[in-house]
Amino acid sequence: MDMGRESRREKDAMTVKIGFALVTAVALAAAVFAVALTPALVSRDPDCVTSRCY
């Protein structure tokens, strides 16, 4: 085996880390979007969804 090359196990570990980072980023983005959208959905003003609620 060449010492300068990554083993299959190291490549698999990197793939798992990248996948975990992507899934975490998507989940975090969805949570931030949900938190930002909640005031508009909870508000009784239907125009609040398309314009500012201030």
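User: Why does Asp12 count as partly exposed?

Analyst: Quick background: this is a predicted model, where local features need pLDDT of at least 70, side-chain atom pairs count only at pLDDT 80 or more, and totals for chains, interfaces and linings use all residues. Residues are numbered from 1 along each chain as its sequence is written, and side-chain values use heavy atoms, with hydrogens and water left out. Now, buried means under 20% relative accessible area, exposed means over 50%, and partly exposed is in between (1.4 Å probe, protein chains only). Asp12 has 37% relative accessibility, so partly exposed it is.

User: And what makes Arg8 exposed?

Analyst: Its relative accessible area is 61%, so Arg8 is exposed.

User: How do you know that Arg8 forms a salt bridge with Asp12?

Analyst: The label asks for a side-chain nitrogen of Lys or Arg within 4 Å of a carboxyl oxygen of Asp or Glu. For Arg8 and Asp12, the closest N and O atoms are 3.8 Å apart, so the pair qualifies. The structure holds 1 salt bridge. Both residues sit in helix H1, 4 residues apart, about one turn of the helix.

User: What is called a helix here, and how many does the chain have?

Analyst: Helices are DSSP runs (H or I, at least four residues), while strands (E) need at least two, and both are numbered from the N terminus. The chain comes to 1 helix and 0 strands.
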